[in-house]
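Take it topic by topic, and find each residue as you go.

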Amino acid sequence: MSKEMPPEPLDFFIWTVEDVGLWLEEINLGSYRQIFKENGVNGEYLEGMSMFTTEQILRFIRRCHMKWGDFITLCKELRRIKVACLKGEQKVRRPWWAPSCLSVVFVKAAKRNRQCRVVSLKLEP
């Protein structure tokens, strides 16, 4: 991902540790960027947080030295991204490496991929 642009919310499942750091900056939780990096918090980890037990949540908060309010903000922002994915509100953009002549093909493939992700989100408890 580019350092100038925040990561695509639709792709938060595959965010790297660096992408998570950029997102934290965007949602005004940038003070946790380094500790999240040190703990290897990536998109897959963020996705799995919805399945955390109370004990795992408390352990995460202690390990990352988070304030409760900041943890709640983190959870609300994750929820916002998931809801946007379910509603199909995320823009589909052609990646920088794809030639412009393939824009239509890429957008169609991305929309099919989005539908697969939405199905997986709907299966969450």
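The notes below cover the overall build, the aromatic residues, the nonpolar core and the salt bridges.

This is a predicted model, in which local features need pLDDT of at least 70, side-chain atom pairs count only at pLDDT 80 or more, and totals for chains, interfaces and linings use all residues. Residues are numbered from 1 along each chain as its sequence is written, and side-chain values use heavy atoms, with hydrogens and water left out.

**Overall build**

- The protein chain has 6 helices and 0 strands; helices (H or I, at least four residues) and strands (E, at least two) are DSSP runs, numbered from the N terminus.
- An unreviewed UniProt entry carries the annotation "domain: SAM" for residues 15-50; UniProt positions are given in the numbering used here, feature names are shortened, and annotations may be inferred rather than shown by experiment.
- Of the 125 residues in the protein chain, 34% are buried, where buried means under 20% relative accessible area, exposed over 50%, and partly exposed in between (1.4 Å probe, protein chains only).
- Taking contact as heavy atoms within 4.5 Å, residues 24 or more positions apart make 55% of the protein chain's contacts with a separation of 6 or more.

**Aromatic residues**

- The whole structure holds 7 aromatic pairs; rings of Phe, Tyr and Trp (its six-membered ring) pair if their centres lie within 6.5 Å, with planes under 30 degrees apart counted as stacked, over 60 as edge-to-face and the rest as tilted.
- Phe36 and Phe60 form an edge-to-face pair, because their ring centres are 5.5 Å apart and their planes stand at 80°.
- That pair links distant parts of the chain, since Phe36 sits in helix H2 (residues 33-38) and Phe60 in helix H4 (residues 54-63), 24 residues apart.
- Phe36 is buried at a relative accessible area of 1%, and Phe60 is buried at 0%.
- Phe60 also pairs with Phe71 in a tilted arrangement, at 6.2 Å centre to centre and 55° between the planes.
- Phe71 belongs to helix H5 (residues 68-87) and Phe60 to helix H4, so this pair ties together parts 11 residues apart in sequence.
- One aromatic cluster takes in Tyr32, Phe36, Tyr45, Phe52, Phe60, Trp68 and Phe71.

**Nonpolar core**

- A nonpolar core is a set of buried Ala, Val, Leu, Ile, Met, Phe, Trp, Tyr and Cys residues joined through side-chain atoms within 4.5 Å.
- The largest such core has 23 residues, and those touching the most other members are Trp23, Leu24, Phe36, Leu46, Phe60, Met66 and Leu74.
- Helix H1 (17-26), H2, H4 and H5 each give two or more residues to this core, and H5 supplies the largest share, 4 residues.
- Beyond its neighbours within four places in sequence, Phe60 has contacts that include Val41, Met49, Met66 and Leu74.

**Salt bridges**

- There are 3 salt bridges, each a side-chain nitrogen of Lys or Arg within 4 Å of a carboxyl oxygen of Asp or Glu.
- Arg33 bridges to Glu25, with the closest N and O atoms 3.6 Å apart; Arg33 is partly exposed at 28%, as is Glu25 at 40%.
- Arg59 meets Glu55 at 2.8 Å, N to O, and the two are about one helical turn apart because they lie 4 residues apart in helix H4.
- Arg59 is partly exposed at 38%, whereas Glu55 counts as exposed at 52%.
- Arg80 and Glu77 also meet at 2.8 Å, N to O, from positions 3 residues apart in helix H5.
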